[in-house]
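Take a look at the chain below. This report walks through some of its backbone features, helices and cores.

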Amino acid sequence: AQARHLAQTLGARADGAGLVVMKPNVVFLLLSVIVFHSNSTLLRQPKGRNSSAHAQVALQGRYNSTLSDDVPEARTTSPLNLAESSAPTITFLFMAYDGLPHMEIWEKFFRGGKPGKDFRVLIHCKSASKCRHDLRNHPIFNLIETVETEYCFGLVSAMNRLLGEALASGPGHRNDKFVFVSDTTLPVKPFKTIQRQLTSDDTSHFCFFPVHWLEWSNTSGLFGFLKDFNPWHDASRETERMALKHHQWMVLSRRHAEKAVKADGMFPSLLKELKVNSGLPGTVSGCDDEFWHFNALYSGVNVTGSLETASVHFNGIAGEDIKYDSHRLQGQCDTFVYWQSTNDGTGGPALKLGELLEADAFTHLSHKVGHPCEITSLGSRSLRALRESPFLFARKVMKGCAVHSRRFRDLADAFDVLVFPEVIPPEDDEDPPINVTSDKWLSFLR
């Protein structure tokens, strides 16, 4: 009798022996619930972490994503603390290997602001002893405790350690910014220009790679296989959780910096979950620092319907809506880097500037497959192009990078004349020639 009652409840039948025989659609339903539950735990935070809703996304033509509340403790800065800081501060967070090869240029740049008020500088160094020796006579550069890192792994922990040290310095302003820079990065604008642009609002700046939305594993695997046999499955109404790939060298707002520090340790298997570096069709290569911060802050993007027409707006991130089918860099790209590959996109300022640098006979770019170009020499016209570009920083400017101009002793001298003044001198006959028509350069500089 109990078997028959259970069978009726589940829409099944009981045979003469009392065994429950379920209909195929009921079996599918139960399996789906079990698989869905198991998939939902894949990205669960480590024990002790608070977990709640994912990013909220409006799915009517234009998608709108706000901060998730996965880490509500992140919002710890009180109105009183914010009021104690009368002006925003920029904290420069250097990720270095064994020192800063362009320290002289950075020191010239920082002369435009007041240490401790307008800016702070923190450095994470893989070789702490070497950095400590090099920085001993440079008090504005503050070395933090080293976190063990290797290429592509552990970098997120080091970046979050920098954020934690920066936030521990005291109360701040809602427009504070936290800028990640590499040891081969250089500023290509005066300090005051960068200060004005970065502290004018409280948004973060992410530079998203072209067409690199990845599907989270909880919409694939066994659950994805089973849904194809679901008689009620409607692909047009299906929601997919997507992850976006971004450049490591981002600019975070105070709110996002606080949230990232609180979220440190979440998603330890993020690359595996996104099938990054798997070699499977539709996947990409990458490192954890190119996925973690955005996807930890926003818990990915939930998209219903056609991906090809998806357009997402993120509250708290500068730039226009992010489009799934765009083949250009998107978001707010503050740091110029040139890949000479599809990572540059099919157009836009980065590709245009990279092509102009290539055309300068006195600028040398060393290309490595899968890595950004290394800049080993710069012509004066390339320096002018960097100064007039929309970018605030540029990389990878290698140690010992030469400058080819008769008027400058070295690269630091050239930056002092062509980059850091509010008004730079006009071109003259001393600038060496360039292998590109003047119309192309003039249209870019305009």
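## A cis bond in a loop

Start with lysine 396. This residue sits in the loop between strand S20 (393-394) and strand S21 (397-404). The model here is a predicted one. In it, the peptide bond that runs from arginine 395 to lysine 396 is cis. Its omega is near 0 degrees. Most peptide bonds are trans.

## Positive phi angles

Most residues other than glycine have a negative phi. Two residues of this chain can be set against that rule. Asparagine 277 is not a glycine, yet its phi is positive, at about 70 degrees. Where does asparagine 277 lie? It lies in the loop between helix H10 (270-273) and helix H11 (292-298).

Glutamine 340 is not a glycine either, and its phi is positive, at about 55 degrees. Its loop runs between strand S17 (335-336) and helix H12 (349-359). Glutamine 340 has 28% relative accessibility, so it too counts as partly exposed.

## The chain as a whole

Now step back. How many helices and strands does the chain have? The secondary structure comes to 15 helices and 21 strands. The chain has 446 residues, and 52% of them count as buried.

Helix H4 covers residues 103-110. Six of its eight residues are buried, so the helix is largely enclosed by the rest of the structure. The buried residues in H4 are Met103, Ile105, Trp106, Lys108, Phe109 and Phe110.

Helix H9 spans residues 254-263 and is mostly covered. Seven of its ten residues are buried. These are Arg254, His256, Ala257, Glu258, Lys259, Ala260 and Ala263.

The largest nonpolar core has 55 residues. Which residues have the most contacts inside it? They are Phe92, Trp106, Phe110, Phe141, Phe336 and Leu411. A second core is separate and has 50 residues. Val147, Leu274, Phe294 and Ile322 are among them.

Phenylalanine 92 is then in contact with Trp106, Phe109, Phe110, Phe119, Arg120, Val121, Leu122, Val179, Phe191 and Phe393. Trp106, Phe109 and Phe110 are buried residues of H4.

## Where two helices cross

Helix H13 (residues 380-388) packs against helix H14 (residues 411-418). The angle is about 50 degrees, and the axes are 11 Å apart. H13 and H14 are therefore oblique to each other. Their crossing is right-handed.

Which residues make the contact? From H13 come Ser380, Leu383, Arg384 and Arg387. From H14 come Ala414, Phe415 and Leu418. By class, four residues in this contact are nonpolar, one is polar and two are charged.

Technical notes: Residues numbered from 1 in each chain as written. Predicted model: local features only at pLDDT ≥ 70, side-chain atom pairs only at ≥ 80, totals over all residues. Heavy atoms only, no water. Core = buried A, V, L, I, M, F, W, Y, C linked by side-chain atoms within 4.5 Å. Buried < 20%, exposed > 50% of the residue type's maximum accessible area, 1.4 Å probe, protein only. Contact = heavy atoms within 4.5 Å. Axes fitted to C-alpha atoms, helices over the stretch in contact; angles between N-to-C directions. Helix = DSSP H or I, 4+ residues; strand = E, 2+ residues; numbered from the N terminus. Parallel < 35°, antiparallel > 145°, perpendicular 65-115°, else oblique. Left-handed = near helix turned anticlockwise from the far one by under 90°. Nonpolar A, V, L, I, M, F, W, Y, C, P; charged D, E, K, R; others polar. Lists of a residue's contacts leave out its neighbours within four places in sequence.
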